[in-house]
Amino acid sequence: MFQNKLPKSSIVWTQGITCNGNSHSFLNYPYMEAFLENFHFLHHPLLPSPYSLRELVDNDEEIDFLIIEGALSHNMSVIERNRLGIHEILSSLVKRAKYIICAGSCASFGGLFSERDSKHIYGAVYSGEKPDGFWKQDFTSVSGHRVVNIPGCPLHPRWLAETLVTLREEGMCSLDNWHRPREIFSYLAHHGCMRNEYFEWKVDCIEYGHKEGCLFYDQGCQGPMTHANCNKILWNEVSSKTRAGSPCLGCTEPTFPKKGLFSTPKYMSLPATPIGISKRAYYAVAGIAKGFHIDRLEKKLINEDTDDHT
């Protein structure tokens, strides 16, 4: 994955309104030693860094990657030794950066923090599904292929590392309509889910934490509507939400967080239609499948429930 032929690429990591979740997730990247042989941080708010934000704003050094973590607002300030408004920081750094990476759902779309005040707290380019973020309609002046959204609450460390390596080695990466890398977000969280047979035969999970049953029909799982490959690459190379018995919350989508995260809206007893399937076809097939009783799958559910209560 890593090639040492090129000189190290520089990173400046800035933060807006954030819980630090994306920083902590990325610092768990298992190949960090190899990563740091190819990249170096000019500034990171949680790590010893050669420059303060004030020093970076006041100089004219070129930056390979400007990473933004957290939601943004024109009303907020970031405090280091000197008080700097986020607009002053980004206005200086953006024009010197080759690429701008929005790390996490808050930087990409506003995320959880925009729920408090969606009119004044938003992502860098988008506010939810609207192209009305921190840079408003003038984002094209800093955009093109230079702005890359890597949503997630938090993002998977591999998503960020692999995107940085691709941009470093190839100079660009293919992006979808939300400026997300297609290599990562052309999949659905549903792909690779160990519960897919239960999904096909409409066999519901009894309760959270159970290893068997589908979490889509009653527990609010959004895996069939969420673009991410986390059920393929796994977290800590071991597990995922659905493998642990928790529904996917759709954290990589611009609509995150939806209302009623752990409930499944129904229409005529059927949930929302998964991506890529017509409603008529899905409801017809789902209605037929729901009428079947698959003894092998249902016995596994019953056995697990019995084991949990012995």
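Start by selecting Trp13, Phe26, Tyr29, Tyr31, Phe35, Phe39, Phe41, Phe65 and Tyr99: together they form one aromatic cluster. You're looking at a predicted model, where local features need pLDDT of at least 70, side-chain atom pairs count only at pLDDT 80 or more, and totals for chains, interfaces and linings use all residues. Residues are numbered from 1 along each chain as its sequence is written, and side-chain values use heavy atoms, with hydrogens and water left out.

**Aromatic pairs**

A search of the whole structure turns up 19 aromatic pairs. Rings of Phe, Tyr and Trp (its six-membered ring) count as a pair if their centres lie within 6.5 Å; planes under 30 degrees apart are stacked, over 60 edge-to-face, and the rest tilted.

Zoom in on Phe26 and Phe35. Their ring centres are 5.3 Å apart and the planes stand at 80 degrees, so this pair is edge-to-face. Both Phe26 and Phe35 are buried (under 20% relative accessible area; exposed is over 50%, partly exposed in between, with a 1.4 Å probe and protein chains only).

Now hop over to Phe199 and Tyr217. Here the centres are 5.8 Å apart and the planes at 20 degrees, so the pair is stacked. Phe199 belongs to helix α8 (residues 196-200), while Tyr217 is in the loop between α8 and α9 (230-233), so the pair ties together parts 18 residues apart in sequence. Helices (H or I, at least four residues) and strands (E, at least two) are DSSP runs, numbered from the N terminus. Phe199 is buried, at a relative accessible area of 7%, and Tyr217 is buried too, at 6%.

**Charges over rings**

The test is NZ of Lys or CZ of Arg within 6 Å of the ring centre and within 35 degrees of the ring normal. Then go back to the cluster member Phe39 and show Arg168, which lies over the face of Phe39 at 5.5 Å from the ring centre.

**Strand β1**

Next, select residues 9-15, strand β1, where seven of seven residues are buried. Which residues point which way from β1? Ser9, Ile11, Trp13 and Gln15 go one way, and Ser10, Val12 and Thr14 the other.

Bring in the neighbours: β1 pairs in the parallel sense with β2 (residues 39-43) over four bridges and with β3 (residues 63-69) over five bridges, also parallel. Pairing takes at least two DSSP bridges between the strands. To finish, find Val12 opposite His43 in β2 and Trp13 opposite Ile67 in β3.
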